[in-house]
Amino acid sequence: MLSYPESPIQVLQSPLLSEKKIRLLVKRDDLNHPVISGNKLRKLKYNIEHAKQQQYQGLLTFGGTFSNHLYATAMACKLAGLDSVIIVRGTPLDANNPTLKIAKACGARLIAVDRKTYRRRYEDEYLQELKQSFPHYWVVPEGGSNQLALPGLLELAASLPPCDTVACAVGSGGTLAGLALGLQATKRVLGFAVLKDEHLQDEILEKYPELHQHSHWQLFEQFHAGGYGRFTPELWAFCQAFTEQHHIPIEPIYTGKLFYGLWQLIQADYFAPETTICAVHTGGLQGLMGLKYRGLI
């Protein structure tokens with residue numbers, strides 16, 4: 001099993017927080033592992049345990065060319081003594097891509113497919129084809145959000161300090177689901193979508209139908225800055241200033257959108273004075289390598 005120490009809590013100080021009388025805590029899950037950090041580690045923990053118990057040869061999963069999940073899966077499998085096969089969106093693969101280079105160094109087998117094929121990644125027929133081609137591999141969906149991800153995310157929920165509201169970035173929805181299912185209804189759970197998808201909430205509910213029984217969670221979809229992998233100069237400037245002021249590195253694909261969204265809500269008096277918020281830093285900092293490589297930052 002992948003093991004890791006519980007990540008620390010950091011208290012933020014800023015004139016805005018003092019003015020609005022908001023206490024903002026950050027769960028530093030970017031520090032829970034030196035290489036595979038954040039929610040990816042928590043999602044993969046029990047998937048890897050299952051694969052080993054069932055004597056699978058490794059994991060098979062999906063990811064974009066700069067994917068945090070691709071990177072984390074390759075690393076986690078290497079540490080766990082498992083093989084990894086990763087279906088990668090986009091052909092041909094760039095041999096100099098830093099995320100892919102590290103994945104290959106971990107022994108991952110990268111299979112490039114075109115976008116049309118990649119869009120089939122949730123289709124039962126395509127998944128059955130992959131299982132026939134790789135019968136000894138446990139299939140994990142893109143982003144790592146499945147039922148086996150939940151126990152690790154419930155552990156995250158149990159580790160949080162006393163607070164009124166918990167907030168996280170939302171891509172595939174597993175972290176939001178784990179927090180909502182793991183926390184009492186007296187706590188609000190706020191998710192900040194990092195992608196533009198009008199069906200995202202329905203997709204999360206389809207993946208985790210247990211959420212239908214809970215009403216203390218909410219998804220904000222106005223802070224995605226144009227869609228997945230996109231960001232504005234304003235958002236990037238915010239990320240740089242936040243990192244410098246609070247000594248917490250964030251990036252504009254996931255955690256930047258979370259904290260930027262929180263800042264906007266705090267400025268707009270969305271939260272009552274004396275509210276304590278705990279924001280979960282879900283890692284993903286390797287994505288900065290890809291942004292620098294592409295000259296985007």
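Gln10 has Val26, in strand E2, as its bridge partner. Helices (H or I, at least four residues) and strands (E, at least two) are DSSP runs here, numbered from the N terminus. The bridge belongs to the pairing of E1 with E2, which is antiparallel and runs over three bridges; two strands pair if DSSP finds at least two bridges between them. This is a predicted model, so local features need pLDDT of at least 70 and side-chain atom pairs pLDDT 80 or more, while totals for chains, interfaces and linings use all residues. Residues are numbered from 1 along each chain as its sequence is written, and side-chain values use heavy atoms, with hydrogens and water left out.

Stepping back to the whole sheet, six strands line up in the order E1-E2-E10-E7-E8-E9, forming an open sheet with mixed pairing. Strand E1 (9-11) and strand E9 (217-220) are the edges; each has a single partner strand, so one side of each has no neighbour in the sheet. On average, neighbouring strands are turned by 25° against each other, direction ignored (axes are lines fitted to C-alpha atoms, for helices over the stretch in contact, and angles run from 0 to 180 degrees between N-to-C directions).

What about the packing? The largest nonpolar core has 34 residues, and Phe192, Phe259 and Leu262 touch the most other members. A nonpolar core is a set of buried Ala, Val, Leu, Ile, Met, Phe, Trp, Tyr and Cys residues joined through side-chain atoms within 4.5 Å, where buried means under 20% relative accessible area, exposed over 50% and partly exposed in between (1.4 Å probe, protein chains only). Among the elements that give two or more residues to this core are strand E2 (23-28), strand E7 (165-170), strand E8 (188-193), helix H11 (255-267) and strand E10 (276-281). H11 gives the most, with seven residues. Leaving out residues up to four places away in sequence, Leu262 touches Leu24, Ala167, Phe192, Phe271, Ile277 and Ala279, contact being heavy atoms within 4.5 Å. A second, separate core has 27 residues, including Ala149, Val166, Leu205 and Cys278.

In helix H4 (residues 98-105), the buried residues include Pro98, Thr99, Leu100 and Ala103. Their cover includes helix H3 (68-80), strand E4 (83-89), strand E5 (109-113) and H12. At the start of H4, a side-chain oxygen of Asn97 comes within 2.8 Å of the backbone nitrogen of Thr99. After H4 comes Gly107, with a positive phi near 95°.

Thr91 and Pro92 are joined by a cis peptide bond, with omega about -10°, and Pro92 lies in the loop between E4 and H4. His247 is not a glycine, yet its phi is positive, about 55°. His247 sits in the loop between H10 and H11 and counts as exposed at 65% relative accessibility. Asp269, also not a glycine, has a positive phi near 60°. This aspartate is in the loop between H11 and E10 and is exposed, with a relative accessible area of 51%.

Conventions. A polar contact is a pair of N or O atoms within 3.5 Å; within protein, one must be able to donate a hydrogen and the other to accept it, and residues adjacent in sequence count only if both atoms are side-chain atoms.
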